[in-house]
Amino acid sequence: MIELRHDALEISFPELHRDARLRIDFQRTLRLPDDGREYPLPAGLGRFPLRHVDDFADRLPEAWRRHGGVLLPMYQAEAMWLNFRSPAGYPFAVKIAAGKINAASGETWREGLHRDPQDYCAVPGQPWLDGFCVAKGVVRQFVAAPLGMGATAEEQLTGEAEHGGLQILAHPLKAKIWRREKRLVFAERAESPLVEACATPVAMGLAPGGRMRQEIYADPRDLADWDQRVRARCFVHLASSLTWKSITGELPPNRPLGASSYAAAGIPWFDYYDAELKALGGAAALAGLKSTSEFEDLLPDDGEEAWVTPPIVLKDPRGRRSVREF
Amino acid sequence: MTDEPSSKDSPFGAMIRELREARQAADRSYSLRQLALRVGVEPSYLSKVERGETPPPSEAKIQLLARELGEDPDLLLALAGKVSSDLQAVIRRRPQLFAALIRELKDLPDQSVLRLVREVRDGDW
């Protein structure tokens with residue numbers, strides 16, 4: 001089941017195990033320049049608000065009501081990343097798609113989990129996902145674009161602006177494997193102190209933006225370890241911030257921070273590595289996507305923004321809690 | 001003094017009359033006679049229901065009244081002292097679990113009850 005709590009999706013499988021809980025929230029962040037350089041990971045600048053589609057059904061298009069799920073507001077060309085957290089460390093396989101284009105494999109949406117290419121992230125090994133995996137260790141940032149401009153990954157790969165939004169599918173680890181591993185972890189923990197626990201809404205999709213260093217890790221488990229008899233799915237609709245108030249009656253968040261403000265505030269940048277995991281190669285289909293900078297009407301005029309070399313990089317080695325929100 | 005029943009004795013009847021009269025003020029098709037015809041009962045019967053002179057009608061008729069009057073059918077059923085058949089079926093499947101759950105929830109504020117049951121709906125995509 002999925003609940004909405006404090007602007008996060010709370011996925012749980014209480015019938016399997018009380019530890020089988022996963023939180024996913026959607027972080028506002030700095031949009032990187034799409035200049036071919038590779039950047040570290042910008043901080044999270046707060047969660048996007050999430051609301052039930054069913055609460056605003058009379059103000060939303062029929063397709064949104066049919067999809068169900070939740071909606072959140074994004075400004076045109078605003079960037080986001082996804083934050084995964086399993087409070088008890090229970091493993092989940094999480095498939096993420098934008099406009100039903102898989103962010104890891106570049107394939108069109110398929111139910112279930114697959115390898116060759118791997119089409120999901122294994123959490124908690126993967127704490128964050130910032131964009132489309134275009135090469136080994138490189139993603140291109142998730143950047144909001146109105147459907148119909150041709151900029152989204154969906155439109156570039158399928159020629160259609162049909163789905164938009166984000167699609168999420170989670171399968172938990174089989175409970176019997178978790179029970180076995182948990183006993184081992186507790187045994188190890190005793191020896192190792194380092195282990196820690198109304199207007200018509202303008203539908204948006206996600207286009208590939210600037211490049212950043214992020215690895216999507218290959219799943220070290222057997223595919224059969226995941227419990228594919230159960231699943232949780234959610235369609236996350238992206239509404240234009242300009243129409244958010246007319247849908248929900250609430251003001252949208254302020255405009256996202258620009259590069260100068262980010263630098264002036266001394267907000268750090270992040271890097272994450274895990275020496276024990278291998279990175280997936282990029283998806284060939286995603287590597288060929290056009291850059292957001294080729295869509296002149298998409299990006300706001302922010303020519304005065306002074307881009308500086310990221311001044312601070314915080315590494316996040318294994319074993320430390322992966323907090324990246326600022 | 002009179003022993004005649006009044007709609008005050010029947011919260012269901014009082015609610016139906018209040019809802020119907022509120023709509024009738026703006027729309028004449030909500031006269032007692034026309035509403036009774038649409039729901040498939042005699043006007044005299046609906047009049048007696050409104051005045052609390054006869055017990056509330058069947059679940060099916062209450063569902064029709066709720067649809068006509070734009071009211072929540074579960075609310076009207078509760079006022080009529082009934083529980084909808086789909087809820088009865090749910091309880092019959094696991095009677096002890098739901099009896100315990102409902103007793104557990106009875107004193108919680110609405111917000112807490114809603115939080116317990118509110119799931120993000122997965123649709124067709």
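This is a predicted model: local features need pLDDT of at least 70, side-chain atom pairs count only at pLDDT 80 or more; totals for chains, interfaces and linings use all residues.
Let me zoom out to chain A. We've got 6 helices and 20 strands there. Of its 326 residues, 54% count as buried. The accessible surface is about 14,000 Å², and carbon and sulfur atoms account for 49% of that.

Now, salt bridges. Over all chains, the structure holds 26 of them. One I like pairs the side chains of A:Lys182 and A:Asp19, at 2.7 Å, N to O. A:Lys182 is in helix α3 of chain A, while A:Asp19 is in the loop between β2 (8–12) and β3 (21–29), so this pair ties together parts that are 163 residues apart in sequence. How exposed or buried are the two partners? A:Lys182 is partly exposed, with a relative accessible area of 22%, and A:Asp19 is buried, at 8%.

Over in chain B, the side chains of B:Glu50 and B:Arg17 form a salt bridge at 3.6 Å, N to O. That one runs from helix α3 of chain B (residues 43–50) to helix α1 of chain B (residues 11–24), so it ties together parts that are 33 residues apart in sequence. B:Glu50 has 1% relative accessibility and counts as buried, whereas B:Arg17, at 28%, counts as partly exposed.

Then there's B:Asp107 with B:Lys106, whose side chains meet at 3.1 Å, N to O. Both B:Asp107 and B:Lys106 are exposed.

And which residues link up in a network of salt bridges? That would be A:Glu111, A:Arg231, A:Arg233 and B:Asp122.

Okay, backbone geometry, for those of you who check torsions. Most peptide bonds are trans, and most residues other than glycine have a negative phi. Here are some cases that go the other way. A:Asp116 and A:Pro117 are joined by a cis peptide bond, with omega about 0°; A:Pro117 is in the loop between β11 (101–102) and β12 (121–123) of chain A. The bond from A:Val123 to A:Pro124 is cis too, with omega near 15°, and A:Pro124 falls in the loop between β12 and β13 (128–129).

On the phi side, A:His6 has a positive value near 50°. A:His6 is in the loop between β1 (2–5) and β2 of chain A, and it's exposed, at 70% relative accessible area. A:Lys100 has a positive phi as well, about 65°. Its loop runs between β10 (92–98) and β11, and at 14% relative accessibility A:Lys100 counts as buried.

Last stop, A:Ala161, in the loop between α2 (153–158) and β16 (166–172) of chain A. At 37% relative accessibility, A:Ala161 counts as partly exposed. Leaving out residues up to four places away in sequence, A:Ala161 touches A:Leu147, A:Gly148, A:Glu154 and A:Glu155. From A:Ala161 to A:Pro146 is 15 residues in sequence and 9.4 Å in space, C-alpha to C-alpha.

Terms used
Residues are numbered from 1 along each chain as its sequence is written. Chains are lettered from A and ligands numbered from 1 in the order in which they are written. Side-chain values use heavy atoms; hydrogens and water are left out. Helices (H or I, at least four residues) and strands (E, at least two) are DSSP runs, numbered from the N terminus. Buried means under 20% relative accessible area, exposed over 50%, partly exposed in between (1.4 Å probe, protein chains only). Contact means heavy atoms within 4.5 Å. A salt bridge is a side-chain nitrogen of Lys or Arg within 4 Å of a carboxyl oxygen of Asp or Glu. Accessible areas come from the Shrake-Rupley method with a 1.4 Å probe; for residues, only the protein chains shown count as cover.
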